[in-house]
Amino acid sequence: MSTSSDLIICEYCDAVYRREPLQRHQRALCERCGGVLHRHNALTIQQRLALAITGAILLAFAHSYPVMTISMQGLSNSATLWDSVMILSSGSITLIALVVALAIILAPVLQITLLIWVLAFAQAGRRAPAFAFSMRWLEALRPWSMLEVCLLGTMVAVIKLAGLLDVIPGIGLLAMAALSVLILYIAGKDIRELWERV
């Protein structure tokens, strides 16, 4: 008889399967709907924790340094992520500023913080206090963390403005690009695996 840890449920059609070990670059697909059941993940808890701490450092850089600097005829202006939210909030579209703040500041900060919280205890061989609450929030925050959308919009702005002004991408933009990839890698689609490991 299979225990619950041996079973996996398709999140799209609720079909139940027995979990099989996967090799590198393999993934298990649902026979009914074709949805991805789970993927092979070679990262250990220690490696995930190291990447989460790296993400926290990149997050500090992304918020502290300018995303881009624009200059024209001797005048220059630079903006951080927080500056962009403040500029949006001063106009008539304050609601958009709240959504932007949630998507590019609050959600990534909470994701990285919760990951470090859960993984630090897991590295010590213990289950974190409020583990289930943290895991639910990690899953709920995943669609709201939109650093990659902000990155794409910033890159479009840099390309469009480059023909009119002198545009210099800043350290914040590089940190945001690295952080986007990192968050997708460690908190993207394999969070459920932490339930079994921890």
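The following legends describe close-up views of a predicted model.

**View 1. The second largest pocket and the residues about its centre.** The space in this pocket amounts to about 380 Å³. Its lining comprises 16 residues. Nearest the centre of the pocket lie Val67, Met68, Ala79, Thr80 and Ser84.

**View 2. Elements and residue classes in the lining of the second largest pocket.** Two strands, strand 5 (68-72) and strand 6 (75-79), each give two or more residues to the lining. Helix 2 (81-89), helix 3 (94-123) and helix 5 (147-162) also give two or more residues each. Helix 2 provides the largest share, with four residues. Sorted by class, the lining residues are eleven nonpolar and five polar, and no charged residue is included.

**View 3. Spans annotated as "transmembrane region" in UniProt.** The unreviewed UniProt entry lists residues 49-67, 87-120, 141-161 and 167-187 under this name. Residues 141-161 are 76% helix and 0% strand, with 32 Å between the end C-alpha atoms.

View 4. When residues up to four places away in sequence are not counted, Ser180 touches Leu147, Glu148 and Leu151.

Notes
Residues numbered from 1 in each chain as written. Predicted model: local features only at pLDDT ≥ 70, side-chain atom pairs only at ≥ 80, totals over all residues. Heavy atoms only, no water. 1 Å grid on protein atoms, 1.4 Å probe; cavity = no way out; pocket = protein on both sides within 12 Å on 5 of 7 lines; lining within 4 Å. Points joined across faces, edges and corners; volume = space filled by probe spheres on them. Nonpolar A, V, L, I, M, F, W, Y, C, P; charged D, E, K, R; others polar. UniProt positions renumbered as here; feature names shortened; annotations may be inferred. Contact = heavy atoms within 4.5 Å.
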